[in-house]
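Please look over the sequence and the model together before reading on. The paragraphs below go from the overall layout to local details.

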Amino acid sequence: MKLYGYWRSSASFRVRVALYLKGLPFDYSPVHLVKDGGEQHLPAYRKLNPAGLVPSLVDGDVTLNQSLAIIEYLDERYAQHPLLPAAAVDRAKVRALAYDLACELQPVTNLRVLQYLTGTLSCSDQQRNDWIHHWIEKSFTAFEQRLTETAGEYCYGDSVTLADVCLLPQVYNAQRFKVALDAYPTLMAVHDRLQRLTAVQQARPENQPDAQ
Ligand SMILES: N[C@@H](CCC(=O)N[C@@H](CS)C(=O)NCC(=O)O)C(=O)O
């Protein structure tokens, strides 16, 4: 398998965690999202993903986009370390937690949105940072409340699930943009427990070959 990603990309981070948790070997092909206007816009990469977003996963003659679709594909094909629970209700609840972060929060803090704010809309760096803080705080406040009902060792009970896979990059991002995290003790306790896993350390942005 070949993963096209970027060290600091949230969606690439998610797929790396899933691959390492499942112990699946893969080649990593960095796509620099900033250099020369962004390699995600080059025609060669657009053939893999016309949306110009990472990650893309190539498995044999199959190319997949969208990190959650990729992770569910991996989960269905490779049974070890399941990331979704067996019961339908539990699966729906884990997906809801995952979507809260991956579908509601991450898109509004994505690079191209931030570039549109500071470029097309001429927002200042301060306004851009206010935007990032606003959406992270709003999302984490709700997520913290949800976790008080669902969390055990991890986001949903005592097994690592898709929800944890989605939490990791959003905390990384929050720390990168210096969002205060004291108001989210359950969320941070889960995050701290996740750091003890070798797969998580292997997947962390700073441990990727393209990290700067
Ligand atoms: N929903 C997509 C999001 C993909 C995405 O937003 N990727 C970002 C990095 S995390 C990206 O490639 N950004 C490039 C850009 O904004 O130009 C997924 O989960 O795969």
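What follows describes the domains, the interface between them, and some single residues.

The model is predicted. Its protein chain is divided into domain 1, residues 2-81, and domain 2, residues 88-199. Taken over C-alpha atoms, the centres of domain 1 and domain 2 are 20 Å apart. In the contact between them, 16 residues come from domain 1 and 18 residues from domain 2.

The secondary structure of the two spans can be set side by side. Residues 1-82 are 37% helix and 20% strand, and the end C-alpha atoms of this span lie 19 Å apart. Residues 87-212 are 66% helix and 0% strand, with 42 Å between the end C-alpha atoms.

The interface comes next. The size of an interface is often given as the accessible area lost when the parts come together. For domain 1 and domain 2 the buried area is about 1,600 Å², and 67% of it is on carbon and sulfur atoms. On the domain 1 side, Arg-8, Arg-14 and Leu-68 supply 34% of the area buried against domain 2, more than any other three residues.

Which side chains meet in a salt bridge? Those of Arg-95 and Glu-72 do, at 2.8 Å from N to O. Between domain 1 and domain 2 the count is one salt bridge. Polar contacts across this interface also come to one residue pair, with both residues at pLDDT 80 or more. Helix 1 (10-22) and helix 3 (67-77) each supply at least two residues of the side of domain 1 that touches domain 2. Helix 1 gives the most to that side, with six residues. By residue class, the side of domain 1 that touches domain 2 divides into 10 nonpolar, three polar and three charged residues.

Two places in the backbone deserve a look. Most residues other than glycine have a negative phi, and most peptide bonds are trans. Where does the model have a cis peptide bond? The bond joins Val-54 and Pro-55, and its omega is about 10°. Pro-55 lies in the loop between helix 2 (43-48) and strand 3 (56-59). The other place is His-81, which is not a glycine but has a positive phi of about 50°. His-81 is found in the loop between helix 3 and helix 4, the latter spanning residues 88-105.

The last stop is Arg-193, in helix 8 (residues 185-194). Which residues does Arg-193 contact, leaving aside its neighbours within four places in sequence? They are Gly-152, Glu-153 and Tyr-154. Glu-153 is 40 residues from Arg-193 along the chain, yet their C-alpha atoms are separated by 7.2 Å. A polar atom of the Arg-193 side chain lies 2.6 Å from the backbone oxygen of Glu-153.

Notes
Residues are numbered from 1 along each chain as its sequence is written. This is a predicted model: local features need pLDDT of at least 70, side-chain atom pairs count only at pLDDT 80 or more; totals for chains, interfaces and linings use all residues. Side-chain values use heavy atoms; hydrogens and water are left out. Domain bounds come from an automatic or database domain assignment. Contact means heavy atoms within 4.5 Å. Buried area is the accessible area (1.4 Å probe) that two parts lose on being put together, summed over both. A salt bridge is a side-chain nitrogen of Lys or Arg within 4 Å of a carboxyl oxygen of Asp or Glu. A polar contact is a pair of N or O atoms within 3.5 Å; within protein, one must be able to donate a hydrogen and the other to accept it, and residues adjacent in sequence count only if both atoms are side-chain atoms. Helices (H or I, at least four residues) and strands (E, at least two) are DSSP runs, numbered from the N terminus. Ala, Val, Leu, Ile, Met, Phe, Trp, Tyr, Cys and Pro count as nonpolar, Asp, Glu, Lys and Arg as charged, and the others, Gly among them, as polar.
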